[in-house]
Amino acid sequence: MDALIDKAARIILGSKLTIALTGAGISVESGIPDFRSKGGLWDRFDPEEYATIYAFKDNPEKVWRMLKEMEQIVDNARPNAAHTGLAELEQMGLLKSVLTQNVDNLHQEAGSRDVIEYHGNSRSLTCLWCNRKYDYKEKKDKYPPRCECGKILKPDVIFFGEAIPSLAMARSSQLASTCQALLIIGTSAVVSPFNILPRQAKQVGATIIEINLEKTVLTDGITDIFLQGKATERVSQVVSAVKALQGA
Ligand code: NAD
Ligand code: ZN
């Protein structure tokens with residue numbers, strides 16, 4: 001593993017443009033379950049049933065039961081060493097942007113400045129009927145939160161069946177097709193169209209460094225360096241190795 005960490009650190013130091021793609025796995029050690037964990041939120045709320053825009057439009061009260069629990073979990077979560085490690089790499093001028101599928105705001109709380117939210121953010125709400133927008137704090141104690149017009153509000157997270165925000169999509173695609181190194185952390189890489197980004201990077205010759213507890217659909221065909229293990233441990237090791245090489 002040490003040799004792989006060293007190799008990853010050298011790639012990052014030699015790359016002119018590095019980006020990170022993150023998924024639910026990077027926030028698991030902050031206490032937010034991913035879709036696959038056993039006994040967690042998603043065992044009780046099947047994402048197929050609760051995380052589609054059709055489900056929300058059909059029965060927003062029902063979907064808000066899941067959203068409320070998710071909100072409480074996110075409210076109690078703090079950034080972990082993987083989030084802060086990426087923020088540190090950005091400050092060192094070695095990481096351009098973080099492209100995340102997460103809606104938990106933890107990259108921003110850790111200090112990352114250039115965060116592209118591919119699936120939106122849970123910290124604001126919109127009315128699907130009249131388009132009014134609200135900060136989530138304004139509606140925090142209201143359940144389900146309602147718009148002035150009386151309709152139930154939707155958080156600005158992208159549900160399955162909704163379009164990706166166009167600016168996030170355009171910037172992600174532009175970065176993936178020009179980067180020289182790509183870190184991909186804690187994502188099963190099965191949700192489309194996010195899963196196209198590592199392939200785009202690979203096509204332009206970028207080195208793909210993957211951190212995950214287990215192999216994913218990318219590991220054998222796309223990934224160049226697979227750092228199996230916990231996101232917190234592996235990101236910290238990579239950042240330490242980068243610093244050691246810089247100091248050498
Ligand atoms: P996923 O649940 O499909 O996959 C999570 C991946 O992370 C898995 O491959 C798993 O092996 C890995 N993983 C779990 N714990 C890890 C750890 N400690 N260290 C390293 N890897 C770890 O998640 P996804 O690919 O992000 O797709 C699910 C969708 O649901 C995304 O849109 C995601 O953003 C959303 N979601 C978001 C949150 C959040 O905002 N924190 C939480 C749950 C789901
Ligand atoms: Zn309204």
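Helices (H or I, at least four residues) and strands (E, at least two) are DSSP runs that take their numbers from the N terminus. The legends below describe close-up views of a predicted model.

**Domains 1 and 2 of the protein chain.** The domain assignment divides the chain into domain 1, made of residues 1-31 + 79-119 + 164-248, and domain 2, made of residues 33-76 + 120-157. Their C-alpha centres are 27 Å apart. To the contact, domain 1 contributes 14 residues and domain 2 contributes eleven residues.

**The open sheet of six strands, with parallel pairing.** Across this sheet the strands follow the order β3-β2-β1-β7-β8-β9. The edge positions belong to β3 (115-117) and β9 (225-228); each has a single partner strand, so one side of each lacks a neighbour in the sheet. On average, and with direction ignored, neighbouring strands are turned by 15° against each other. β8 (residues 207-212) is joined to β9 by four bridges in the parallel sense. Within this pair, Asn212 has Gln228 of β9 as its bridge partner.

**The packing of helix α6 against helix α10.** Helix α6 (residues 81-91) meets helix α10 (residues 231-247) at an angle of about 30°, and the two axes are 8 Å apart. The two helices are therefore roughly parallel to each other, an angle under 35 degrees being counted in this way. Their crossing is left-handed. On the α6 side the contact residues are Ala81, Ala82, Gly85, Leu86, Glu88 and Leu89, and on the α10 side they are Ala231, Thr232, Val235, Ser236, Val239 and Lys243. By class, this contact of α6 with α10 holds seven nonpolar, three polar and two charged residues.

**The crossing of helix α1 and helix α10.** The axis of α1 (residues 2-14) comes within 8 Å of that of α10, and the two cross at roughly 65°. The crossing of α1 and α10 is right-handed. From α1, the residues in contact are Ile5, Asp6, Ala8, Ala9, Arg10, Ile12 and Leu13. Their counterparts in α10 are Arg234, Gln237, Val238, Ala241, Val242, Leu245 and Gln246. Nine residues of the contact of α1 with α10 are nonpolar, two are polar and three are charged.

**The packing of helix α8 against helix α9.** The axes of α8 (residues 166-176) and α9 (residues 196-203) lie 8 Å apart, at an angle of about 30°. This makes α8 roughly parallel to α9. Ser172, Ser173 and Ala176 of α8 form the contact with Leu197, Gln200 and Ala201 of α9. By class, the contact of α8 with α9 comprises three nonpolar, three polar and no charged residues.

**The open sheet of three strands, with antiparallel pairing.** The strand order of this sheet is β5-β4-β6. β5 (133-135) and β6 (154-157) are the edge strands; each has a single partner strand, so one side of each has no neighbour in the sheet. From one strand to the next, the twist averages 45°. β4 (residues 120-126) runs antiparallel to β5, and three bridges join the two. Thr126 is placed opposite Lys133 of β5. Helix α5 (residues 60-76) lies across β4 and β6, running at about 125° to β4.

Most residues other than glycine have a negative phi, and most peptide bonds are trans.

How values were computed. Residues are numbered from 1 along each chain as its sequence is written. Chains are lettered from A and ligands numbered from 1 in the order in which they are written. This is a predicted model: local features need pLDDT of at least 70, side-chain atom pairs count only at pLDDT 80 or more; totals for chains, interfaces and linings use all residues. Side-chain values use heavy atoms; hydrogens and water are left out. Axes are lines fitted to C-alpha atoms, for helices over the stretch in contact, and angles run from 0 to 180 degrees between N-to-C directions. Angles under 35 degrees count as roughly parallel, over 145 as roughly antiparallel, 65 to 115 as roughly perpendicular and the rest as oblique. A crossing is left-handed if the near helix is turned anticlockwise from the far one by less than a right angle, and right-handed if clockwise. Contact means heavy atoms within 4.5 Å. Ala, Val, Leu, Ile, Met, Phe, Trp, Tyr, Cys and Pro count as nonpolar, Asp, Glu, Lys and Arg as charged, and the others, Gly among them, as polar. Two strands pair if DSSP finds at least two bridges between them. Domain bounds come from an automatic or database domain assignment.
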